[in-house]
Amino acid sequence: MSRLLALVGLAAHELWISYRLLLLLTLPLLGGLVVGAIPAELAGLHAVDGAARWYAISLCASVGIGAAVVSGTLAAERRRGTIAWMVVRAVPRSAVQLAWFIVVGGVMVFGIALGAAAAWLTATERLAEIPDPAPLVAA
């Protein structure tokens, strides 16, 4: 367990020093903010349902870009040989992959929550009364 925590710390540090952590956090947030820039006629009949649809589209794009960034990071580490020192210390590859999954998953969930909050706030500013947030939570 302590080995996994050390690997999670190393993965988070690698994302932090390469500014990829910032990218993984801001992509879903920007997707949520873009929802407010969509005109009402493109948003659909109901502003919140239309916002949920457009947020889901932007969320798919941001998760795809985030996955490409993370896979590129792991490929670059493998190419540079910075993961090789863990093999010498008898760290299984599954532990390295699990650590990266934990870090990236946590960062993306936090970014998606921020983006959903931003989409909700930008969609409800057009309305007189605030409706149920279920469409955005489902998206």
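**Helix H2 and its bend**

I started with helix H2 of this predicted model, residues 20-34, and compared its length with expectation: at 1.5 Å a residue its 15 residues should span 21 Å, and because the end C-alpha atoms are 21 Å apart, the two agree. I then looked for a bend and found a kink of about 25 degrees at Thr26, shortly before the proline Pro28. Pro28 is also among the buried residues of H2, together with Leu21, Leu24, Leu27, Gly31 and Gly32.

**Helix H1**

For burial in H1 I noted Leu7, Val8, Ala11, Glu14 and Leu15. Viewed down the axis of H1, these buried residues fall within an arc of 125 degrees, so they line one face of the helix. On the other side of H1 I found Ser2, Leu5 and Trp16 exposed.

**The loop between them**

Which residue in the loop between H1 (2-17) and H2 did I look up? I looked up Tyr19, whose phi is near 65 degrees, a positive value in a residue other than glycine.

**A surface patch**

Last, I recorded a nonpolar surface patch of about 310 Å², made by Leu98, Phe101 and Ile102. Of these I followed up Leu98, which lies in helix H6 (residues 93-124) and, at 40% relative accessibility, counts as partly exposed.

How values were computed: Residues numbered from 1 in each chain as written. Predicted model: local features only at pLDDT ≥ 70, side-chain atom pairs only at ≥ 80, totals over all residues. Heavy atoms only, no water. Helix = DSSP H or I, 4+ residues; strand = E, 2+ residues; numbered from the N terminus. Expected span 1.5 Å × (residues − 1). Bend = angle between axes of the 7 residues up to and from the residue. Buried < 20%, exposed > 50% of the residue type's maximum accessible area, 1.4 Å probe, protein only. Patch = residues over 30% accessible without salt bridge, like charges linked within 9 Å, V, L, I, M, F, W, Y side chains within 5 Å. Areas by Shrake-Rupley, 256 points an atom, 1.4 Å probe, with all protein chains shown as cover. Salt bridge = Lys/Arg side-chain N within 4 Å of Asp/Glu carboxyl O. Arc of directions from axis to C-beta.
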